[in-house]
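I opened a new page for this structure and wanted to note what I looked up, entry by entry. Each entry keeps to one part of the chain.

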Amino acid sequence: MLVPLENMPDESRIWIYPCNRKFSDTEIESLHQKLTDFTQQWAAHGKPLMTSYTIPYSRFIVLAVDETEGNQHVTGCSIDASVVMIQEIEKEFQVDLLDKLNVTFKLGEFVSHKSLADFKKMAKEKAVSEKTIVFNNLVNNLGEWREYWEVPAAESWHKRFF
């Protein structure tokens, strides 16, 4: 069952898929339809999940599931279904959403996506700093996402590169 993201509790479990490029406006429209269709029917053992999604910066797909008391918990099969849907999006739009060896960060207001090796090199060359805003895609729930997703590199796992 799809609900507005702002109505989801902070404890909601999330999955963040950073895209290697910005989605076009046309792609965003199509993504909204695909993600709405998926989240409205997303279930675990035949029971509907309380779900939501967002596409921040036209660069990320964030899926959320409310597993708080009284709601169905996500299962391995339901997680697998979401990964299959993400893989279908990758193929259709010719994008990379599942490669975890990339870093997404801000250069001013511009969102950049680089390989981990390139980000390390940029840190050594001082093209990015501990103050660079990075997207910490390792956050586990909606509350962490709301508070700690966009943070200075010094406050995330990225700090080891400085």
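**Entry 1: the model.** Before anything else I wrote down that this is a predicted model, and I read every entry with that in mind.

**Entry 2: strand S5.** I began with strand S5, which spans residues 60-66, and found that seven of its seven residues are buried, so the strand is largely enclosed by the rest of the structure. I then asked which residues cover each face of S5. On one side I listed Phe60, Val62, Ala64 and Asp66, and on the other Ile61, Leu63 and Val65, and all of these are buried.

**Entry 3: the nonpolar cores.** I looked for the largest nonpolar core and found 23 residues in it, of which Phe23, Leu31, Leu35, Ile61, Leu63, Ile89 and Leu97 touch the most other members. S1, H1, S5 and helix H2 (76-93) each supply at least two residues of this core. There is also a second, separate core of 14 residues, and Val3, Ala64, Val111 and Phe135 are among its members. Going back to Phe23, I listed its contacts beyond four places in sequence, which include Ile28, Leu31, Ile55, Ile61, Phe93 and Leu97.

**Entry 4: Glu27 in helix H1.** Is Glu27 buried or exposed? I found Glu27 in helix H1, which covers residues 25-41, and its relative accessible area is 14%, which makes it buried because the cut-off for that word is under 20%. The side chains of Glu27 and Arg21 are joined by a polar contact of 2.8 Å. Apart from neighbours within four places in sequence, Glu27 is in contact with Arg21, Lys22 and Phe93.

**Entry 5: helix H3.** In helix H3, residues 116-124, I marked Leu116, Phe119, Met122 and Ala123 as buried. Seen down the axis of H3, these buried residues fall within an arc of 120 degrees, so they line one face of the helix. Ala117 and Lys124 are exposed and sit on the face of H3 turned away from its buried side. I also looked up what the buried residues of H3 pack against, and the entries are strand S6 (102-107), S7 and strand S8 (133-135).

**Entry 6: Ser112 in strand S7.** Strand S7 covers residues 110-115 and holds Ser112, which counts as buried because its relative accessibility is 6%. Not counting residues up to four places away in sequence, Ser112 touches Arg59, Val103, Thr104, Phe105 and Leu107.

**Entry 7: two positive phi values.** His45 is not a glycine, yet its phi is positive at about 55 degrees; it lies in the loop between strand S2 (43-44) and strand S3 (47-48), and it is exposed, with a relative accessible area of 66%. Lys126, also a residue other than glycine, has a positive phi near 65 degrees. Its place is in the loop between H3 and S8, and Lys126 is exposed, with a relative accessible area of 72%.

**Entry 8: cysteines.** Of the cysteines I looked up, Cys19 is buried at 1% relative accessible area, whereas Cys77 is exposed at 60%.

Definitions and conventions: Residues are numbered from 1 along each chain as its sequence is written. This is a predicted model: local features need pLDDT of at least 70, side-chain atom pairs count only at pLDDT 80 or more; totals for chains, interfaces and linings use all residues. Side-chain values use heavy atoms; hydrogens and water are left out. Helices (H or I, at least four residues) and strands (E, at least two) are DSSP runs, numbered from the N terminus. Buried means under 20% relative accessible area, exposed over 50%, partly exposed in between (1.4 Å probe, protein chains only). Contact means heavy atoms within 4.5 Å. A polar contact is a pair of N or O atoms within 3.5 Å; within protein, one must be able to donate a hydrogen and the other to accept it, and residues adjacent in sequence count only if both atoms are side-chain atoms. A nonpolar core is a set of buried Ala, Val, Leu, Ile, Met, Phe, Trp, Tyr and Cys residues joined through side-chain atoms within 4.5 Å. The arc is that of the directions from the helix axis to the C-beta atoms.
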